[in-house]
Amino acid sequence: MAQLWGGRFTKKTDQLVYNFNASISFDQRFYAQDIKGSMAHVRMLAKQGILTDGEQHEILEGLQGILKDVDEGRLRITSEYEDIHSFVEATLIDRIGDAGKKLHTGRSRNDQVALDMKLYTRDEIKELDHLVKEMLEVLLTIMEAHLDTYMPGFTHLQKAQPITLSHHMGAYFEMFKRDHERLVDIKKRMNTCPLGSGALAGTTYPLDREYTAKLLEFDGPTLNSMDGVSDRDYIIELLSAMSTIMMHLSRFSEEVIIWNTNEYKFVEIDDAYSTGSSIMPQKKNPDIAELVRGKTGRVYGALQSFLTTMKGIPLAYNKDMQEDKEWVFDAIDTTKGCLALFTGMLKTMQFNKERMAESARHGFTNATDAADYLVNHGVPFRDAHGIVGKLVLICIDKKIALDDLPLEEYKAICPVFEEDIYEAISLKTCVNKRLTIGAPGYDAMKEVVGRSKDYLASYDDIMNE
């Protein structure tokens, strides 16, 4: 078909060039946003007297019909159109005639595509944030249920000190809470309307950009027309935020994969989120966690690719910017899918409380507390450190935990030890005496759970500000 911009040209575009230039194969994804933006533009044109009430009614009715027909599958978006904007305008003209030719008055495809991408991104941020909230809700449920489920905490993948599963999950709660706040921040900063910027220098028509922005629920219009059509910072910010979300999911996945091994057996992944081996009948593989970990690189790649695309682009609009869509679409789909699947896996996962506690005991995670016991009985810390190190060596040789070492062997190394050492190094004591806010102690974690509940209770209000 003839392009909407074809008046200047005397030759038909080469088909390969047309195919290379066209974006309909992917930008059809935001047909609803394109039509929504066009409807707001038409209302503004009528308000300003640029369109008659009759023309406004005819165009709006035509656009609503196109939207309904595409939604319900009666109208297909095909590759004969260069992009979604051409499809909507050409279909409108075909349906209502000359009135449809006035749709594009006072705007350019440059500010139109900038608007569509902002509307689409804003919608997707809300969906992403809803999935982050679901993750936080599952994490909070686990935190509340496992305040006294003891497990080893790790540094360098070595067992370090005893904590609780509640405390461990609380660390991820804080990560995804920051992810939520990043999404809120992006939505707030990007919420200005580029429509009315024209190709780059505005328009001579008396547009009411404030009114258009209000109709589309923006905080106001963009204040520089060149920036309005060429700004893609919000896309880079979203790709960065999604990369951080994926990084958090990947770290979490790595732990689930480790915890699922025969050596750890901390968790049992539900059958619905596992697969088997084609040759080894005993296998139950953590495929969802592994795929989430793998797909993280895909989202990172989108961020790096688009940063590279944008780095050499002069003002204002350049066709390079068309590259924003496929990367963003794929990254959004990937991140949303990973969030949904990981949350489902986590929600159905079973935790082996006894195994976790035994791992903490036999990992000498209470060694620091044994040294503190000596310090509290007047032994200098450096000496206490050495004494407990010797005790650990004895336990390793005997293949027992510090809790199982007879008192006489404690006293043989240091006579300061008494019967109360066993209470001092019990997992319950080691954890619960750590009561500063942010620590794993029962009372400290109860307070954190309460604060987390309050945070989630106000969650929707924050996103909708």
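This dialogue reads a few features of a predicted model.

Me: How many cavities of 30 Å³ or more does the structure hold?

Reply: Start with the idea. Rolling a probe the size of a water molecule over the atoms shows where empty space is left. Here the structure holds 2 cavities of 30 Å³ or more. Take the second largest cavity, with about 30 Å³ of space.

Me: Which residues line the second largest cavity?

Reply: His41, Met44, Leu195, Gly196, Leu207, Arg209 and Thr212 form its lining. Helices α3 (31-47) and α8 (209-215) each supply at least two residues of that lining.

Me: How does the lining of the second largest cavity divide into nonpolar, polar and charged residues?

Reply: The lining has 3 nonpolar, 3 polar and 1 charged.

Me: Now a single residue. Is Asn260 buried or exposed?

Reply: Residues under 20% relative accessible area count as buried. Asn260 has 18%, so Asn260 is buried.

Me: Where is Asn260 placed, and what is Asn260 in contact with?

Reply: Asn260 sits in the loop between α10 (233-259) and β3 (267-268). Leave aside its neighbours within four places in sequence. Asn260 is then in contact with Val267, Ile269, Lys284 and Pro286.

Me: On to strands. In what sense do β1 and β2 pair?

Reply: Strand β1 (residues 150-155) and strand β2 (residues 158-164) pair in the antiparallel sense, over 6 bridges. Tyr150 stands opposite Thr164 in β2.

Me: Which residue takes a positive phi in the hairpin of β1 and β2?

Reply: Look at the turn. The hairpin has 2 residues between the strands, and His156 takes a positive phi near 55°.

Definitions and conventions
Residues numbered from 1 in each chain as written. Predicted model: local features only at pLDDT ≥ 70, side-chain atom pairs only at ≥ 80, totals over all residues. Heavy atoms only, no water. 1 Å grid on protein atoms, 1.4 Å probe; cavity = no way out; pocket = protein on both sides within 12 Å on 5 of 7 lines; lining within 4 Å. Points joined across faces, edges and corners; volume = space filled by probe spheres on them. Helix = DSSP H or I, 4+ residues; strand = E, 2+ residues; numbered from the N terminus. Nonpolar A, V, L, I, M, F, W, Y, C, P; charged D, E, K, R; others polar. Buried < 20%, exposed > 50% of the residue type's maximum accessible area, 1.4 Å probe, protein only. Contact = heavy atoms within 4.5 Å. Pairing = 2+ DSSP bridges.
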